[in-house]
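Work through the exercises below with the sequence and the structure side by side. Try each task yourself before reading its solution.

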Amino acid sequence: MHAFTTTTWTELKLLIREPAAAIFVLGLPLLLLMMNSTHGNDPVPELGGVGALDTLVPGYLALVIATMGLMVLPVHLAGYREQGVLRRQRATPLSPTVLLASHVVVAMIVTVVGVGVLVAVGMAAFDLNPPTHPVWTLVALLMSAASIYALGFFLAGVVRTARTAQAVAAGLYFPMIFLSGATWPRHVMSDTLRTLGDFLPLTYAIEAMQHPWTGRPIPLMAIAFLAVTAIVAAILSARTFRWE
Amino acid sequence: MEPIISVQGIKKSYGATAAVSGVSLEVRRGEIFGIVGPNGAGKTTIVECIASLRTPDEGRIRVLGLDPVDEVRAVRERVGVQLQQSALPARLRVVEALRLFASYYPDPADIESLLIDWQLSDKRDAAVASLSGGQRQRLFIALALVGTPEVVVLDELTTGLDPEVRRVTWQLVRKLRDQGATVLLVTHFMDEVEQLCDRVAVIAAGRVVASGTPSALMAQASQNGGSPRSFEDAYLTLTGALANYA
């Protein structure tokens with residue numbers, strides 16, 4: 001336990017000393033929030049009487065998760081491996097599970113802060129409504145984070161260099177944020193693009209958060225899909241993660 | 001008396017390359033045991049297997065009666081390592097690194113004493129990236145000791161250190177031995193072997209070509225037709241290295 005708390009606290013301190021990653025995670029969603037809030041948050045008939053912003057913000061939360069889980073985390077871990085940091089830690093009694101868990105917790109903390117800031121700004125400045133079903137929204141948020149981070153860990157475990165991690169991550173991240181509805185809504189996409197989006201975990205993350213936020217029925221299938229993705233990716237990571 | 005480290009017939013290949021082709025050696029409790037040899041001889045692979053960082057393809061290793069393959073955690077709790085290719089996060093501070101690693105061990109050493117012993121006290125709040133080569137080396141040695149290990153593996157301990165610092169480091173290694181630790185020292189410095197090692201194994205091409213006390217190896221080399229005036233002469237004779245350049 002002492003090893004876990006010390007490792008987590010140390011990683012947090014290191015993150016604060018190099019805030020570029022955290023700023024990246026928060027910057028784009030905030031920018032999108034400010035750009036798209038000009039429409040206001042009055043009920044829109046095409047969205048079933050829900051405000052535009054209420055529909056969009058879950059997408060921005062997914063963006064925070066995707067940025068942290070696919071762009072920041074894999075590159076960070078692959079960098080540690082490439083430099084020999086993981087190798088040195090492996091020569092100690094530190095359990096690999098504890099090490100990975102502490103990276104997950106730090107990622108979660110950054111995500112929660114990012115989500116918190118986004119929602120606070122949205123509510124204070126742009127008339128964002130709080131979620132209709134906050135508990136389910138939170139469950140969906142955690143499930144989304146779990147599935148995307150597990151994918152990120154899997155990616156981090158199998159690439160050799162930080163540069164490769166960055167390239168592969170970008171190859172996953174950009175299609176995902178465009179096709180899932182995180183950056184612009186799916187209902188304006190063509191059928192082909194929408195079908196492609198149906199295969200992406202992030203699409204289900206957005207659906208899982210959006211429905212409880214806007215008072216629509218809880219999408220249990222989406223949440224189940226996220227849970228399965230998280231479990232499968234976690235098992236694969238545990239099997240394939242390389243320390244050097 | 002049971003040797004504290006027993007290595008029997010280990011072999012390890014990386015793909016088609018055989019790095020270690022059948023190495024056996026024994027290290028006694030409380031000695032400073034050297035492992036010398038040319039680059040690529042397999043020295044680092046051998047000590048990594050002992051320290052539970054690599055699994056040999058064949059052979060048997062016991063460290064303090066424990067199996068590094070099956071009892072990984074127990075071995076790592078008792079064996080401290082200072083490795084060549086390892087690193088710390090650039091912005092981590094010296095004292096933070098020591099506290100972090102101390103948290104991994106059940107019986108950690110006193111951080112303040114480590115800082116003093118390895119002359120890192122005035123660098124305690126310095127970031128790892130800002131340290132000089134010698135300071136980095138001393139930090140990695142201190143990290144090897146943070147778990148109060150019974151066995152300490154040092155790989156290229158004094159490479160890159162100034163002569164005065166090398167002398168001080170040797171004294172500290174002797175102090176480790178006096179405090180009861182057993183030291184496994186991988187080195188290519190012959191003067192280090194002469195000054196520090198109670199016994200030494202000479203490794204070439206993945207095999208042990210000679211082992212014993214430095215003076216015994218010098219005697220062995222003179223029997224083989226050399227006239228060694230130093231351990232270095234003996235080493236070159238025993239590994240036949242000079243023949244390659246004759």
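**Exercise 1.** How many bridges join β5(B) to strand β6 of chain B, and do these strands run parallel or antiparallel?

*Solution.* Keep in mind throughout that this is a predicted model. Begin with the pair itself: β5(B) and β6 (residues 151-155) of chain B are joined by four bridges, and the two strands run parallel. To place one point of this pairing, take Val79(B), whose bridge partner in β6(B) is Val151(B). Then look for the helix that lies across both strands, which is α5 (residues 133-145) of chain B, and note that α5 runs at about 170 degrees to β5(B).

**Exercise 2.** Work out the order of the strands in the open sheet of chain B, and find its edges.

*Solution.* In general, strands of a sheet pair through backbone hydrogen bonds, either parallel or antiparallel. The edge strands are β5 (79-82) and β9 (207-212) of chain B, since each of them pairs on one side only. Neighbouring strands of this sheet are turned against each other by 15 degrees on average, if direction is ignored.

**Exercise 3.** Describe the surroundings of strand β7 of chain B, and decide whether its residues are buried or exposed.

*Solution.* First consider the neighbours: five bridges join β6(B) to β7(B), and the two run parallel, with Val153(B) having Leu184(B) as its bridge partner in β7(B). Strand β3 (residues 32-36) of chain B is likewise joined to β7(B) by five bridges and runs parallel to it, and here Val36(B) stands opposite Thr187(B). Next consider burial, counting a residue as buried if 20 or more other C-beta atoms lie within 10 Å of its own. By this test six of the six residues of β7 (residues 182-187) are buried. Thr182(B), Leu184(B) and Val186(B) point one way from the strand, while Val183(B), Leu185(B) and Thr187(B) point the other way, and the residues on both sides are buried.

**Exercise 4.** Which residues of helix α10 of chain A are buried, and what do they pack against?

*Solution.* Start with the length: α10 (residues 220-240) of chain A has 21 residues and reaches 30 Å from its first C-alpha to its last, close to the 30 Å expected at 1.5 Å a residue. Its buried residues are Ala222(A), Ile223(A), Leu226(A), Thr229(A), Ala230(A), Ala233(A) and Ser237(A). Seen down the axis of α10(A), these buried residues fall within an arc of 120 degrees, so they line one face of the helix. The spacing follows a general rule, for an α-helix has 3.6 residues a turn, so residues three or four places apart point the same way. The buried residues of α10(A) pack against α6 (134-158) and α9 (201-214) of chain A, whereas the face turned away carries exposed residues, namely Leu220(A), Met221(A), Val228(A), Ile235(A) and Arg239(A).

**Exercise 5.** Which helix gives the most to the side of chain A that touches chain B?

*Solution.* The contact as a whole involves 18 residues of chain A and 21 residues of chain B. On the side of chain A, α1 (2-17) and α4 (85-90) each supply at least two residues, and α1(A) gives the most, with seven residues. Sorted by class, this side of chain A has six nonpolar, seven polar and five charged residues.

Conventions: Residues numbered from 1 in each chain as written. Chains lettered and ligands numbered in written order. Predicted model: local features only at pLDDT ≥ 70, side-chain atom pairs only at ≥ 80, totals over all residues. Expected span 1.5 Å × (residues − 1). Buried ≥ 20, exposed ≤ 12 C-beta atoms within 10 Å, placed from the backbone. Arc of directions from axis to C-beta. Contact = placed C-beta atoms within 7 Å. Pairing = 2+ DSSP bridges. Axes fitted to C-alpha atoms, helices over the stretch in contact; angles between N-to-C directions. Nonpolar A, V, L, I, M, F, W, Y, C, P; charged D, E, K, R; others polar.
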